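Subject: A structure for you to look at

Hello,

Please have a look at it first and then read on.

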Amino acid sequence: MKAWKTYIYDYVHYKNQMEIDYSIDPLAPHVEDAAFLQDRQNRLLQLQTNDEERRSTPVKNETRLRIVRADEQPDRVVADIALKRTIVAHIRGQEQSEQRIELQRLELQRRNEHWHITRIQDTAAERGFTLQSDSGPGMLLAEDPDEFEMMSIPSVPYLNHELLRLPDSVLHRYVYDRTKAVQYADRWWNGNNPAYTTFEVDCTSFISQCLFAGGAPMNYTGKRNVGWWYKGRIQGQELWSFSWAVSNSFQWYLTASRSGLRAVEVESPWQLTYGDVIVYDWDGSGRFQHSTIVTAFDPNGMPLVNAHTVSSQHRYWQYIDSPAWTPRTRYRFLHIVDS
């Protein structure tokens, strides 16, 4: 094994220990990125307070490391890594397990025959893109009509449905199958269904797929700022509504819709059930940047969610351990109307 790889494996080991101890002390001697360490210490203190309130005690962290790419020079390496993590805790005497896949970029430098980790960057965070302007509920518009397409990565095979605008009578009759929505979320939490375009920031598209799998009817209008629909790639064009893939537009559509897929906002996560949705405004700006779906509950009866971008399964809904979280974070708790 190349010497620099050993330092990355050591980093993962001490990172696991750090999150058991709620302290950067195990990791600090091995990392020279002071800003990263300070940020992690602040988040660990927040996580510890949160865990105490939940009566949650960390038991073990297991991480499978994959080095995705490495740019090697004689005395410097930049490595992109994927960390598939299993986080186990005891809550009120019961074992609770969470999984997620974190992506990071590590910079290493060699000095005096030893490698040093000089910078750590989270390369997949839950901060989604937003469009430039909005004109009311469900009506998000881009200043540049090509802006949204430019933010996606190349398409994979598209859904070949003959989609027509459904009459209101059909939209009113649908029944939301929460079990199927959750099954889809658990099937694809750590992968991309090849039937859909994969976005660089994929969180809301993934939740839309889950709702569609649960029987929510697409409201195909052919207009990007109206309805909730996906038609794939046709003649080189990416065709979907903003509400399908942009969190802020998605939450406006759910709460403004009067037929078909719609939701009511509730005051507390206690009021959510399987297949419901939580959206996140990290900086309190009023624009929501992340979307998740409720797939389980912890022993306290609080929601656990699945999500993409940082692929997560049965993650605690509050996301305090996310690099995107700030003290100004606001949530909307959206209960999907069943029919």
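Here is one to start with: at the start of α5, which backbone nitrogen does a side-chain oxygen of Asp177 reach? The nitrogen belongs to Thr179, and the oxygen comes to within 3.1 Å of it. I count this as a polar contact, a pair of N or O atoms within 3.5 Å, where one must be able to donate a hydrogen and the other to accept it, and where residues adjacent in sequence count only if both atoms are side-chain atoms.

Some ground rules before the rest. This is a predicted model, in which local features need pLDDT of at least 70 and side-chain atom pairs count only at pLDDT 80 or more, while totals for chains, interfaces and linings use all residues. Residues are numbered from 1 along each chain as its sequence is written, and side-chain values use heavy atoms, with hydrogens and water left out.

**The whole protein**

The protein has eight helices and 14 strands; helices (H or I, at least four residues) and strands (E, at least two) are DSSP runs, numbered from the N terminus. Of its 339 residues, 54% count as buried, where buried means under 20% relative accessible area, exposed over 50%, and partly exposed in between (1.4 Å probe, protein chains only). The accessible surface comes to about 15500 Å², and carbon and sulfur atoms hold 48% of that; the areas come from the Shrake-Rupley method with a 1.4 Å probe, and for residues only the protein chains shown count as cover. Among contacts (heavy atoms within 4.5 Å) with a separation of 6 or more, 64% join residues 24 or more positions apart.

As for confidence, pLDDT (the predictor's confidence in each residue, from 0 to 100) has a mean of 86, and 84% of the residues reach 70 or more. Please take care with residues 130–166, where pLDDT stays under 50 and the model has 90 contacts beyond four places in sequence. Where pLDDT is low, the predicted coordinates should not be read in detail.

Helix α1 covers residues 3–21, and at 1.5 Å a residue its 19 residues should span 27 Å; the end C-alpha atoms are 28 Å apart, which agrees. The expected span is 1.5 Å times one less than the number of residues. Trp4, Ile8, Tyr11, Val12, Lys15, Asn16, Met18 and Glu19 are buried in α1. Seen down the axis of α1, these buried residues fall within an arc of 160 degrees, so they line one face of the helix; the arc is that of the directions from the helix axis to the C-beta atoms. They pack against α2, β1 (56–73), β2 (76–91), β3 (94–111) and β4 (114–122). After α1 comes Tyr22, with a positive phi near 55 degrees.

At its start, a side-chain oxygen of Asp33 comes to within 3.3 Å of the backbone nitrogen of Ala35. The buried residues of α2 include Phe36, Leu37, Arg40 and Arg54. Arg55 follows α2, and its phi is positive, near 55 degrees.

Most residues other than glycine have a negative phi. Arg92, not a glycine, has a positive phi of about 50 degrees; it lies in the loop between β2 and β3 and counts as partly exposed, at 48% relative accessibility. His314, also not a glycine, has a positive phi of about 60 degrees and is found in strand β13 (residues 312–316).

Asn306 lies in strand β12 (residues 303–307) and counts as buried, at 0% relative accessibility. Beyond its neighbours within four places in sequence, its contacts include Ala185, Trp189, Phe206 and Thr292.

Asn248, in helix α8 (residues 247–256), counts as buried at 2% relative accessibility. The side chain of Asn248 reaches the backbone nitrogen of Phe288 at 3.0 Å.

**Back to α5**

In α5 (residues 178–188), the buried residues are Arg178, Ala181, Val182, Tyr184, Ala185 and Trp188. Seen down the axis of α5, they fall within an arc of 155 degrees, so they line one face of the helix. Thr179 and Arg187 are exposed on the other side. The cover over the buried residues of α5 includes α6 (203–213), β11 (290–297), β12 and β14 (330–336).

Best wishes
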